[in-house]
Amino acid sequence: MIAQSLTVNPFPNSFLKCHRPNPGFLSSSVSLNVSRWNEAMSMRLSRERTVGTTVLASKEQSSSYNSEKKRKVVEHICLLKAKKDLSEEEEKDMLDYLYTSQYQMGGIVAISLGRISNENVENYTHGVFMRFQRKEHLVKFYENPFYSKVLKEHVMPYCHGLMNVDYETEVEDDILPIFRKGEDFNFGVEFVLLISFIQSAFGGPAEDALESLKRLTAEFPSLIVQSTQGSNFNLSSEIYTHAVVIRLRSVEAFEMFVGSSDYKEMWSNKFQPIIRKQLPVHFSVDPVGTEIM
């Protein structure tokens, strides 16, 4: 059963089956994915065959990661439950309006969205990720009449539920990583992990687990473009205490990362003993809106 698998490992083998994007609104880059697959495979083989060299490289990567100048941003996750009979046309309308809403509102510096590829116990079907410069921009976003209209006319008619998660985090203080621009961000997989830590884990174990995940993601630059995490301050979804968003370069990169022994051991040792609930979802990323609505 899926629910039983989740209590042991948030990525059972069935979760690694990524469906192809809908050709109606998502395109693929075969040559890019093949190139990145070869690069990632080379890294994996090198990692397994030359342990000493890999450890040294990992330490250098981690040191470089920690020394980078950071900037605080606020990130917003919205998970949707679409109706079962959602048509391709309705799906395209919903995603187009959500994606292009960034052009009608200030403060949004990055956005990605798509159809969730894995089964999940809460039956969410689509994910939306947004990044804001500051908390006040997020507040204005929630209050913006244009966005309220998008939800009322182009989202909720097709969905029967949604959940919002918001958190403050840090990214490298440079234009491309802040705005998620450039070739590395054009395609890939958005991996969203919502976590609920037990109360006794705060003040030490929870922070240590999150720091371990941060260090691990920094060790896989050939697979991971960017990783952020933070404490959820949205009271409507307070069951989840923390959120993690990892942008991976491809479906293959996602499978390699969550299937690696490093990740599995870290999850088993650091997270599993101190969490009461988790929700892992992932979706393929490709710009879907081309015009301002």
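Two strands are said to pair if DSSP finds at least two bridges between them; helices (H or I, at least four residues) and strands (E, at least two) are DSSP runs, numbered from the N terminus.

1. Basis of the note. This is a predicted model, in which local features need pLDDT of at least 70, side-chain atom pairs count only at pLDDT 80 or more, and totals for chains, interfaces and linings use all residues. Residues are numbered from 1 along each chain as its sequence is written, and side-chain values use heavy atoms, with hydrogens and water left out.

2. The sheet. Four strands form an open sheet in the order β2-β3-β1-β4, and their pairing is antiparallel. At the edges lie β2 and β4 (159-172), each of which pairs on one side only. From one strand to the next, the twist averages 15 degrees.

3. The pair β2 and β3. These two strands run antiparallel and are joined by seven bridges.

4. Helix α5 (residues 135-143) lies across β1 (70-82), β2, β3 and β4. Its direction is at about 25 degrees to β1. Here axes are lines fitted to C-alpha atoms, for helices over the stretch in contact, and angles run from 0 to 180 degrees between N-to-C directions.

5. Two packed helices. Helix α8 (residues 205-218) packs with helix α10 (residues 261-271) at an angle of about 170 degrees, and their axes are 10 Å apart. The two helices are therefore roughly antiparallel to each other, a term used for angles over 145 degrees. In contact (heavy atoms within 4.5 Å), D208, A209, L210, S212, L213 and L216 of α8 meet D262, Y263, M266, K270 and F271 of α10. The residues of this contact comprise seven nonpolar, one polar and three charged. Nonpolar covers Ala, Val, Leu, Ile, Met, Phe, Trp, Tyr, Cys and Pro; charged covers Asp, Glu, Lys and Arg; polar covers the others, Gly among them.

6. Backbone at two loop residues. Most residues other than glycine have a negative phi. N123, although not a glycine, has a positive phi of about 60 degrees; N123 is in the loop between β2 (108-115) and β3 (126-132). R180, also not a glycine, has a positive phi of about 55 degrees, and R180 lies in the loop between α7 (175-179) and β5 (188-197).

7. Exposure of these residues. Which of the two words, buried or exposed, applies to R180? R180 is buried, with a relative accessible area of 9%, whereas N123 is exposed, at 55%. Buried means under 20% relative accessible area and exposed over 50% (1.4 Å probe, protein chains only).

Definitions and conventions
Parallel < 35°, antiparallel > 145°, perpendicular 65-115°, else oblique.
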